[in-house]
Each structure stands twice: as structure tokens, then as C-alpha cells.
Amino acid sequence: MATAAFRHVATELAPKAIGPYSQAVAANGFLYTAGQIAFDPTTMEIVGTDIQTQTAQALKNLRAVVEAGGSSFDRVVKTTVFLKDMNDFAKMNEVYAKAFGEARPARSAVEVARLPRDALVEIECVALIEK
């Protein structure tokens, strides 16, 4: 299925995939990322125990994948945020807003029963690939 319009993206600056999936897939001008949690890419351990620290690390990982895929946060068109506890939304949102700056992608945020490694937050996105 590997064609000029379809490629897998991987970077050592973000955690390795821990299952049968890619960090991201570039297809037809878009980049679709896997969800990122607060793993340290070197140790593969969760960074922090609070929502702000975990959000910052998840976004750092997401940025690394987006950039490896040939895009940037200002070209993200949609994010999905998965929260272990919706009561953490405001604190997550502060960190998220700083990371995206003036960019305002569409976003969904949902509370979930559980995330990998009992993380507090997971974030994925779709971005336009730079031309």
C-alpha cells in the first residue's frame, strides 16, 4: 500500500509505537497522528503525575511527530483530546493554548474510562502537510 501519496512517519523524538501502528501516516496531503501520551521517548515512562505536566509532554511528543511528518502546529486542522477526568479540562486547556499559540484547530475533548499506562491525557491530530 506504500505509494507516493501514502507513507508511514516515525521519529525517535517521540515515543516508539507500542503496538501494531504508526506514529503517523501521511496520505494525500494530510498527516494523521496516533494519540500521544506523556511518555518520555527515551525511557518510555510517563512524565509527571499532574495534568499540566502530562499535557505538556504529550504535546511535545505530538509536535515531534507532526514535524517529522512535514507539518507544524500552525497547520493542524483537528485535534482530539482524551481525558481521564473531565475536571482536568481547564488545566489541560491552559497548557494546550500555550502550545498552539494563535492556531485554533477544531477540537473534540472527551472523558474516557482509561488510557494506556493510566495516563491522564492523550492527544491526536490531523494536519495539513507543508507544500
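These notebook entries record what I looked up in the structure, going from the whole chain to single residues.

**Ground rules.** I am working with a predicted model, in which local features need pLDDT of at least 70 and side-chain atom pairs count only at pLDDT 80 or more, while totals for chains, interfaces and linings use all residues. I number residues from 1 along each chain as its sequence is written, and side-chain values use heavy atoms, with hydrogens and water left out.

**Whole chain.** I took helices (H or I, at least four residues) and strands (E, at least two) as DSSP runs, numbered from the N terminus. On that basis I find two helices and six strands, which follow one another along the sequence as β-β-β-α-β-α-β-β. The radius of gyration is 14 Å, close to the 14 Å that the globule rule gives for 131 residues, so the chain is as compact as a globular protein of that length; the radius is taken over C-alpha atoms, and the rule is 2.2 Å times the number of residues to the power 0.38. Along the principal axes, the C-alpha atoms fill a box of roughly 45 × 30 × 25 Å.

**Burial and contacts.** I count a residue as buried under 20% relative accessible area, as exposed over 50% and as partly exposed in between (1.4 Å probe, protein chains only). By this cut-off, 41% of the 131 residues are buried. With contact meaning heavy atoms within 4.5 Å, I looked at contacts between residues at least 6 apart in sequence, and 68% of them join residues at least 24 apart.

**Helix α1.** I checked the length of α1 (residues 51-68): its 18 residues should span 26 Å at 1.5 Å a residue, and the end C-alpha atoms are 25 Å apart, which agrees. The expected span here is 1.5 Å times one less than the number of residues. Among the buried residues of α1 are Ile51, Ala58, Leu62 and Val65, and the buried residues of this helix pack against β1 (6-9), β2 (24-27), β3 (30-33), β4 (76-83), α2 (89-100) and β6 (121-128). Threonine 53, also in α1, is partly exposed, with a relative accessible area of 30%. Leaving out residues up to four places away in sequence, I find that threonine 53 touches Val47 and Gly48.

**Two buried loop residues.** Isoleucine 37 lies in the loop between β3 and α1 and counts as buried at 6% relative accessibility. Beyond four places in sequence, isoleucine 37 touches Ile46, Ala58, Asn61, Pro116, Ala119, Val121 and Glu122. Leucine 115, in the loop between β5 (106-111) and β6, is buried too, at 7% relative accessibility. Its contacts, again not counting residues up to four places away, are Phe82, Lys84, Leu120, Val121 and Glu122; the C-alpha atoms of leucine 115 and phenylalanine 82 are separated by 8.1 Å, although the two residues are 33 apart along the chain.

**Backbone angles.** I kept in mind that most residues other than glycine have a negative phi. Methionine 44 has a positive phi near 60°; this residue sits in the loop between β3 and α1 and counts as buried at 18% relative accessibility. Arginine 117, which is not a glycine either, has a positive phi of about 55° and lies in the loop between β5 and β6.
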